[in-house]
Amino acid sequence: MPTEDAVRSVPDDAPEKAAESGAESVTPVAAERTAPTGRESGRPVLLVIADSLSYFGPKGGLPADHPRIWPNLVGAELEWDVELVGRIGWTCRDGYWALIGDPRVWATVPNAGAVVFAVGGMDTLPSPLPTALRELIRYVRPSWLRRIVRNTYNWLQPRLSKLGRPVALPPKVSVDYLEQSRAALAQLRPELPFVAVLPSVHDCEAYGRVHRGREPAVRALRAWSQRSGVPLVDLAEAVRDNIFSGDANPDGIHWGWAGHSAVATAMVKTLQEVR
């Protein structure tokens, strides 16, 4: 299993998680497994480390075994099992922390057919207020004061986001965490294929409909891809029409079913090339 010894130590600052507001959110719940997976089934496992784009649909969050989200569409096409490890707002940094800290990942790595790093989009979004402030709001007491703080934050966030900077995580830092993740797994499974993604696009009012951080991130990710040999699936190319069609999630950041299908098609093509 990946450990702190396999890669460079994690910085001691707070995780970067951009607020994803405005969606008709449904809290994902643990779903009972109805079929054997991983070493029980003998089939390869697609390990997906992701943010909420991988499990939110047009009306909110969905269980990890929902058949219409793109990881499970890919698994069905390849006849693989799927292990989806993710959370709303995850950046490349959070993905790395999951890699070294989540025992589900450790259990999956020996049976993995491929690993998809489906993080990085949140890194590119405007984060004008400190992430630590946003993360600490839930701990404010009493409740009336917490509501005031949250309402103030939600009022400021879209207005300050129009500045376009700073982003939640600088491209150099995002790429560094991706490379640490790749190196940790390659040390254990040198033959294991990896796929990463280029950031999606959004039309999200909570971020002032601004996404100036995307292009610098794309340049950094393409350079890393050339160095590392990890292929990239362009989420923006796959979901742009869906995001701006009116059929996506009303929050302007999560996709509709057409978006999930398009991402699955692109992901299957790439995985078939690297297997």
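A: What follows goes through the sheet strand by strand, then turns to the helices beside it.

This is a predicted model, so local features need pLDDT of at least 70 and side-chain atom pairs count only at pLDDT 80 or more, while totals for chains, interfaces and linings use all residues. Residues are numbered from 1 along each chain as its sequence is written, and side-chain values use heavy atoms, with hydrogens and water left out.

The protein chain has nine helices and seven strands. Helices (H or I, at least four residues) and strands (E, at least two) are DSSP runs, numbered from the N terminus.

Five strands make up the open sheet, in the order β4-β1-β5-β6-β7. The pairing is parallel. The edges are β4 (81-86) and β7 (232-234), each with a single partner strand, so one side of each has no neighbour in the sheet. Neighbouring strands are turned by 20° against each other on average, direction ignored. Axes here are lines fitted to C-alpha atoms, for helices over the stretch in contact, and angles run from 0 to 180 degrees between N-to-C directions. Two strands pair if DSSP finds at least two bridges between them. In general, strands of a sheet pair through backbone hydrogen bonds, either parallel or antiparallel.

Strand β1 (residues 45-50) pairs with β4 in the parallel sense, over six bridges. Val 45 has Asp 81 of β4 as its bridge partner. Five of the six residues of β4 are buried, so this strand is largely enclosed by the rest of the structure. Buried means under 20% relative accessible area, exposed over 50%, and partly exposed in between (1.4 Å probe, protein chains only).

Helix α1 (residues 70-78) belongs to this part of the picture. Its buried residues are Trp 70, Pro 71, Asn 72, Val 74, Gly 75 and Leu 78. They pack against β1, β4, β5 (112-118) and α9 (257-274). Glu 79 follows α1, with a positive phi near 65°.

Ala 196 has Leu 232 of β7 as its bridge partner. Helix α8 (residues 235-243) lies across β6 and β7 and runs at about 15° to β7.

Asn 242 sits in α8. This residue is buried, with a relative accessible area of 7%. Leaving aside neighbours within four places in sequence, Asn 242 is in contact (heavy atoms within 4.5 Å) with Asp 247, Ala 248, Trp 255, Gly 256, Ala 258 and Gly 259.

Helix α7 (residues 214-228) holds Val 218. Val 218 is buried too, at a relative accessible area of 6%. Beyond its neighbours within four places in sequence, Val 218 is in contact with Leu 198 and Pro 199. Val 218 and Leu 198 are 20 residues apart in sequence, yet 6.2 Å apart in space, C-alpha to C-alpha.

Last, the chain as a whole. Of its 275 residues, 52% count as buried. Among contacts between residues at least 6 apart in sequence, 81% join residues at least 24 apart. The chain exposes about 13,000 Å², and carbon and sulfur atoms supply 54% of that area. Accessible areas come from the Shrake-Rupley method with a 1.4 Å probe; for residues, only the protein chains shown count as cover.
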